[in-house]
Amino acid sequence: MKASAGGYARAQDVRHALDLLAQSDGQGRILAGGQSLVAAMNMRLSTGDMLVDISRIAELSGITVAGDRLRIGALTRHVEVGGDPLVAEHAPLLTQAVQFIAHAAIRNRGTIGGALAHADPAAEFPACALALGATIHVQGPDGSRDIAVEDFFEDVFTTAIEDGEILTALSVPLAEPTEAQVLEEVARRSGDYALAGVCLVRRASGHRLSLFSVGSVPVLATATMAALDAGDLDGAVAALATEIDPPSDTQASAAYRRHLASVLLRRAVARIGDQRT
Amino acid sequence: MTDMFRDKIDISLSVNGEPVEARVPAGQHLIDFLRLDQSLTGAHASCEHGVCGACTIRVDGQAVRGCLMLAAQADGADVWTIEGLTDRAEITDLQDAFVARNALQCGFCTPGMLVAAEDLLSRNSQPSREEIREHLSGNYCRCTGYEAIVDAVELVARSRAKGGTA
Amino acid sequence: MTINFGNPDRPNSYIGKTVPRPNAGKLVQGRGRYVDDIVLPRMAHVVFVRSQLAHARIVSIDTEEARAVKGVLRIFTGPDLAEVCTPWVAVLEHLKGLKSPPEHPMAIDRAVWVGEPVVAVVATTRAAAEDAAALVDVDYDPLPVVTDTMTALDTDTPVIHPELGDNLAFRRLHEEGTVDDAMAGAHKVITTRFRTARHTGVTLEPRSILVDWNPAEGQMTAYHATQAPHMMQTVLATHLDIPEGRVRVICGDVGGSYGIKVHVYPDEVATAAIAKIMSRPVKFIADRLESFTTDIHARDHEIEASIAVDAGGKILAIDVDDWTGIGPYSVYPRTSAIEGNQVVNLCGGPYDFANYRARTSVVFQNKTPTCQYRAVGHPIAVAITEGLVDMAAAAIGMDPVEIRRRNMFADDAYPVTSPAKMRFEGLSHHASMDKLMELMDYDALRADQAEARKRGKHRGIGIASFIELTNPSPFMYGIGGARISAQDGCTVRMDPDGSVVALSGVTEQGQGTEAMLSQIVAESVGITPDKVRIITGDTQVTPYGGGTWASRGAGIGGEAALKAGRALRESILEVAAAMLQADQGALDIRDGEIVDADSGVARMPLHELGRIVYFRGDTLPKGLPRELVQTRHYITMDYPFAFTNGVQASYLEVDTDTGVVTLLKHWCVEDCGRIINPQLVDEQIRGGIVQGLGGALFEEIHYDEEGQLLNGSMADYLVPMAAEMPDMIIGHVETPTKESELGAKGAGEAGTAGAPAAVMNAINDALRPLGAQVTEMPFTPERILRALGTITD
């Protein structure tokens, strides 16, 4: 089908984008890489949007180390995240994730900020951000604010970003020298959304485990993490079953997803064990 | 509508090396612009939601889904389609290999497949068969079963490594 | 003159060689011309408002807001089009009892599936038409929905078409021998249920049609992505009340068909009706959602089947009860009973056994109509047969290859008639199996499997023998009253420069028709293939023919081309003999030259002959025939169908923790008779296999109980992509049909026919030590884990 947009404006900078949003009568939609939004528009799932194209705003792109955190600009494309040496060193979970995201042509355009703001519960980056304990940086008419990732994902395609705000970056703590980060997922075909996936991070302070494609938002499995911290893998698998409430759809039932999550947890733990040696 | 949002957008870009100026509807994707306004019918609209890859073209040096980019976003862009890549003989070896290996049947996916294949070879001059299969997984072909395509791409990679025509 | 196929060094030896496709060059350059690439002056676009309910009475339609949208030209309802277009009824007389109600191009007062066209919006652009379509307000009164196949005939299930009495569209029972007695006395009887999922073709080019009506000439021209231009000519003429000779169907490049584009679709006929009403060109290009809800579906079967064997593995009986739901209408004009009928015809196909019973029950339901899709019925019949044979082998502890060898028709047994009453002229099951064993190194593979098992890897080998129906005669459709041509024709013409134009009634869908025809014409005339230009897909130009379906292009269209080329050769030689004062029988044509047949010495190039005939005919003897154009038609007469055979094998690994199946390798040995172009045949087989693998592992249309299609997008209906597909080893045995000189049978559907069964058997081979078995396609990770008992809730 053919998209029906209400209007389009190209933002010159963040200030301009915020102004455009403010003037859009609530119809404003941020257009970044467009790999989800334009698809939705083409299927007429979204019509009449006032599109604020932020894709040319240079200040929103790029990867830097600032103090003890790795900062990734919202417009940094998947392909850039996947190939960036700073990311590979300080947040290798994201590097791993990129190879699972769709296909090359999508990764060339899709942005990490877009993926977070879109908040698809089946997507890799939101779950990675959750496992890494990221901070989401947004800017609004009244200035900027930081959102802890645990507070960011509210529902399917719904985040803590308020109307009129723009996601500008995320930052994650630099991986510790002994830190291990692994992502495990199973998809029907390469590049498909996962039937279920896990992100496991092991730090000095303990484990962090997030799951995707098992609910309406990426899930931080805190009870499972505690069991892992206690070295109780069977207890962790048992705890996991209580912490997720996966959906059933045409690809897999909730029961299958629940089982798969436990298999992936065991695999992730085994891989982390391998990384220790 | 505010003054700042427009439902028709003026764009100026380069298409296959030629300057183009146009006024496009806000919601029009780049493939419709190329096909309907520029009569460049080589790239095809098939699923129009970014899954099948039949619309894969090159924008600013990278393979992209033409259906997931608005024409309005292409202002200032350097766009290449199968027609332009053919004219400047950039992928002649790939095209010849596809014909020789019968790596196409109906041909509907082929222009997008070729752009994706060239995108791979430009990043990885000696991909394994698994890497070729992985990279081309974003491009559906319903006719060939893919093996002939993988063969053709592999052959061109080897040929280029030996200094064959590129 | 006959062609000495055994001598690859014979003159003009193009048949049997890999020759590049003449039409591939334009396609790799993006210079194809598909329907959507065509723009005509004053062209309008039509978009359909489709029923969002599976069964509903249409109470009212409000188009007022839609009419106000800028760019909208006209809006039509079903009754509007009924004034210019008569309905059709898709039945065939030889399918006794088949019934279906009249179907209009758009719903009149009731919609019977989600996706049925209800309102047509015509505008200057597709985008404007979509904007307006979104504003059309249709008020529906929901009616009871029938979705389940197995309960469609229950007395408390609503009848979709009350005037038909019940929801049974067609039923056929075939019985041979005494099945019950054989079962009762058998050493082992295995009974199981199979399920094949609803599929659709997912042609990369959506269905496309552009129709122009020129009232000044009384001429309709339809640019149509179709497999059967002449059939569509008849259909449009009949239902739009136009003389058949005044309808021209042009079929240029087509972006994939696989059977999807051989049917009559209501929205396409509606487009033609609208063009006639508006007297201007109207284009309809299905969008992807429309493709999923309105392209024909197929293969939605549930089967209970039994096999009885003796202690030595000899098949004593096969019993099949097949059920399929076809949607609310039988599809015009081929009907939707053929697939079930094929299951009856094809089960047990490779095997020499005595007692066979098969019944198919074809029922109506409120889903997208089903009809013939690549390898019609074959994947189902092969899965049933080969699944049963493997289970029997396991039950008696016999190797699956051995049980097949003990039951397949002997290679020297032909001609034979199967228990299903199919007549086989000549097949090669044993030679094919021998070749497969050699290609796959069966024993080494078994050793690898055993070694992998020691490492906790669950690998499986699956074998599937099959037969494939090709080269259909009028017994397929024509005897049932359908104007679907089983014969085909070819006109071959030499032009002054010595080049040859061949016009054929078969069409090019990408399978390589043009290459195949160019090779045959080149060899039969005596020129190089690059001097042959092939024209297909234009009813005003080509000889009348059937087009592309049922793997008929090479066997029937090719034979017509051979005969026409041969006739042209004789015409040319008659002129040459007169010019050269030679005996016609002493001359030959080789590589575009008249030569002495014995010595090969060149006497005259064809372009010289052409110059004389066309520009200096005065120098030729008066009365010398000089028609350098010949037409021949061909139809099969001896057998209703030319059956082919083959055998496939799959090697795969099952991850028993996740249920994921990884395909490691695939083999196919196939016997399509004379091979005209080895590369084209191999790639038809490979492409077909992968479509079959899609059915085995991925493809499944889901509906809910309300008849809503749940996965109508490419992201949700999964077709094979490159990463998961294996490399495929293809081998051949050649048993030419004796019915034609060319000896070619079809090859387009063999891959799809056998691949799902091979995968099923391989998975079950891997799972057997774990006590698990799967028979419901696709074999998703979840179904495998459920079979293993890993998940139960």
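This is a predicted model: local features need pLDDT of at least 70, side-chain atom pairs count only at pLDDT 80 or more; totals for chains, interfaces and linings use all residues.

Residues are numbered from 1 along each chain as its sequence is written, chains are lettered from A and ligands numbered from 1 in the order in which they are written, and side-chain values use heavy atoms, with hydrogens and water left out.

**Stop 1**

Side chains of opposite charge can pair when their charged atoms come close. A salt bridge here is a side-chain nitrogen of Lys or Arg within 4 Å of a carboxyl oxygen of Asp or Glu. Over all chains, the structure holds 84 salt bridges.

Select B:Asp10 and B:Arg23, whose side chains meet in a salt bridge with N to O at 2.7 Å. B:Asp10 lies in strand S1 (residues 8–15) and B:Arg23 in strand S2 (residues 18–25) of chain B, so the pair ties together parts 13 residues apart in sequence. Helices (H or I, at least four residues) and strands (E, at least two) are DSSP runs, numbered from the N terminus. B:Asp10 is partly exposed at 48% relative accessibility, and B:Arg23 is exposed at 55%. Buried means under 20% relative accessible area, exposed over 50%, and partly exposed in between (1.4 Å probe, protein chains only).

Next select B:Glu154 and B:Arg158, a salt bridge with its closest N and O atoms 3.3 Å apart. Both residues lie in helix H6 (residues 147–161) of chain B, four residues apart, about one turn of the helix. Is B:Glu154 buried or exposed? B:Glu154 is buried, at 15% relative accessible area, while B:Arg158 is partly exposed at 46%.

**Stop 2: a network and one of its members**

Select A:Arg44, which belongs to a network of salt bridges whose members include C:Arg50, C:Glu130 and C:Asp287. A:Arg44 is buried, with a relative accessible area of 18%. The residue sits in the loop between helix H2 (37–42) and strand S3 (50–53) of chain A.

Find C:Gln581 in the loop between helix H15 (553–580) and strand S24 (587–590) of chain C. C:Gln581 counts as exposed, at 72% relative accessibility.

**Stop 3: strand S8 of chain A**

Select A:Glu154 in strand S8 (residues 153–155) of chain A. A:Glu154 is partly exposed at 49% relative accessible area. A:Phe153 has its place in strand S8 of chain A too, but A:Phe153 is buried at 10%.

**Stop 4: a sheet in chain C**

Strands of a sheet pair through backbone hydrogen bonds, either parallel or antiparallel. Two strands pair if DSSP finds at least two bridges between them. Select the open sheet of three strands in chain C, with order S4-S2-S6 and antiparallel pairing. Strands S4 (110–111) and S6 (137–142) are the edge strands, each pairing on one side only. Strand S2 (residues 56–62) and S4 of chain C pair over two bridges. C:Ala56 has C:Ala111 as its bridge partner in S4 of chain C.

**Stop 5: cis peptide bonds**

Select C:Tyr414 and C:Pro415, joined by a cis peptide bond with omega near 0°. From C:Met777 to C:Pro778 the peptide bond is cis, with omega near -10°.
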